[in-house]
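Take a look at the chain below. Let us walk through it step by step.

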Amino acid sequence: MDVASADGASADGTLAETVPGSTADAEFAPRTLRIGDIELASPVVLAPMAGITNTAFRRLCREYGAGLYVTEMVTSRALVERSPKSMRIIHHEPYETPRSVQVYGVDPETIGQAVRMLVEEDRADHIDLNFGCPVPKVTRKGGGSALPWKLDLFTSIVRTAVREASRGDIPLTVKMRKGIDAEHLTYLDAGRIARDAGVAAITLHGRTTADLYSGTADWDAIARLKESLGDTVPVLGNGDIFAAEDAVEMMRTTGCDGVVIGRGCQGRPWLFGDLQNALAGRPERIRPSLGEVADAVCTHGEYLAEYYADEFYGVRDLRKHIAWYFKGYPVGGELRRSMAMVSSLAELRELLAGLDRAQPYPGADAEGSRGRTTRPKKPHLPEGWLDSRYMEDSRKAELALAELDVSGG
Ligand SMILES: Cc1cc2nc3c(=O)[nH]c(=O)nc-3n(C[C@H](O)[C@H](O)[C@H](O)COP(=O)(O)O)c2cc1C
């Protein structure tokens, strides 16, 4: 597939198309985003997504545009124990620079050890801490997005991680949700604490634990966080960026310093080319034909097979991406089903050859929201968790379990 070059322009011009109305981009010029010593050519971060943002997907996205490409989360305990899965998650290929690793944990000491390991063994150029996980089995024990409610524990984790990261001059950032629910917001306190602890940037997903992936992300909260922290630390906005224009709009309306994109790039790695163009004030957008999408799918499958060093495993992992890639394109149900059950690269290529490659980009049908959506749900929390903003010693054993239950390596 023809891919956009690093400056966002298509290699031979076949994918880039000028979209009417996007000239407004030219009036918008974001400041350069720096995360510690890392200066990003475009203020764009690929959101960590477990099961998605492995080396293969990051490599594909990186070919379309500049940004910071974060690993899937790895749990601090699994990392310290050097589980094979966690070592694979943090592995980077030589062309992957800067290397960005996301760590999830609940215990300051174990997180400190995990960060120390990454720094001492020179395995990352940037480390992000995940405080946004809304999964009930994690929050039920006080982990993930329930954790910032406990001010002392949150402070201790972030301070410890920043201290360990600073030994190697590695910038450490945090990613969080707004809070537990509308009555129990944590992001303003957590933002201040993280800033005072010396983090290099703060990402806010504009939803609470209770929101899960429902409704629309609250960009006003991103604006409020930016307003409360001013220029003391970069604030990155996250939630519901499904097109390059959404990123421009978020940065313009919230004043945030950069954007973090998750579901919007599922099945659309070329979004990073669009984002780079839009945020540089250029009107070109990538509008792939069906043939070009097929080529991207094939490349993704090849990269996954390489990543897992196992063709069957790689192609099986590709299956979940198939529906996202072909959203809005005229691809028959039977072909879709066959592709979602594919078990070798040869079979994949054969099925892709059955597509009408000349079909043009379908427009709105391929756009809009995609990926995970849910209904809101009352958060599962440990008994009495909301009664105090400080961590009782009696809870520590239960909290430790909040790390064992997540699949992060
Ligand atoms: C499949 C999936 C896996 C995710 N895994 C992680 C993760 O490992 N770490 C994390 O901080 N957030 C994770 N998230 C949340 C995203 O990073 C992001 O905050 C969220 O999807 C909202 O952004 P979006 O609207 O651009 O998708 C995940 C989201 C999805 C859909």
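Predicted model: local features only at pLDDT ≥ 70, side-chain atom pairs only at ≥ 80, totals over all residues.

An unreviewed UniProt entry carries the annotation "domain: DUS-like FMN-binding" for residues 46-352. Over residues 46-352, 47% of the chain is helix and 15% is strand.

Now find the ligand. How many residues surround the ligand? The shell has 23 residues. The closest are A47, M49, M73, G262 and R263. Sort the shell by class, and you get eight nonpolar, ten polar and five charged residues.

Next come the helix pairs. Two packed helices are described by two values: the angle between their axes and the distance between those axes. Keep both in mind as you go.

Begin with helix 4 (residues 108-120) and helix 6 (residues 151-166). Their axes come within 8 Å and cross at roughly 20 degrees. An angle under 35 degrees counts as roughly parallel, so helix 4 is roughly parallel to helix 6. The crossing of helix 4 with helix 6 is right-handed. Which residues make the contact? Helix 4 supplies P108, I111, G112, V115, R116 and V119. Helix 6 supplies S156, I157, T160, A161, E164 and A165. By class, the contact of helix 4 with helix 6 holds seven nonpolar, three polar and two charged residues.

Helix 6 also packs with helix 7 (residues 187-197). Here the angle is about 30 degrees, and the axes are 9 Å apart. Helix 6 and helix 7 are therefore roughly parallel to each other. Their crossing is right-handed. From helix 6, the contact uses L151, F154, T155, V158, R159 and V162. From helix 7 come D189, A190, I193, A194 and A197. The contact of helix 6 with helix 7 divides into eight nonpolar, one polar and two charged residues.

Turn to helix 1 (residues 55-62) and helix 11 (residues 290-308). They pack at an angle of about 140 degrees, with their axes 8 Å apart. Why is this pair called oblique? Roughly antiparallel needs an angle over 145 degrees, so helix 1 and helix 11, at about 140 degrees, are oblique to each other. Helix 1 passes helix 11 in a right-handed crossing. On helix 1, the contact residues are T55, A56, R59 and L60. On helix 11, they are T299, H300, Y303, L304 and Y307. The contact of helix 1 with helix 11 has five nonpolar, three polar and one charged residues.

Finish with the backbone. Most residues other than glycine have a negative phi, and most peptide bonds are trans. Look for P98 in the loop between helix 3 (84-90) and strand 6 (100-104). D169 sits in the loop between helix 6 and strand 8 (172-177).

Methods
Residues numbered from 1 in each chain as written. Near = placed C-beta within 6 Å. Nonpolar A, V, L, I, M, F, W, Y, C, P; charged D, E, K, R; others polar. Axes fitted to C-alpha atoms, helices over the stretch in contact; angles between N-to-C directions. Helix = DSSP H or I, 4+ residues; strand = E, 2+ residues; numbered from the N terminus. Parallel < 35°, antiparallel > 145°, perpendicular 65-115°, else oblique. Left-handed = near helix turned anticlockwise from the far one by under 90°. Contact = placed C-beta atoms within 7 Å. UniProt positions renumbered as here; feature names shortened; annotations may be inferred.
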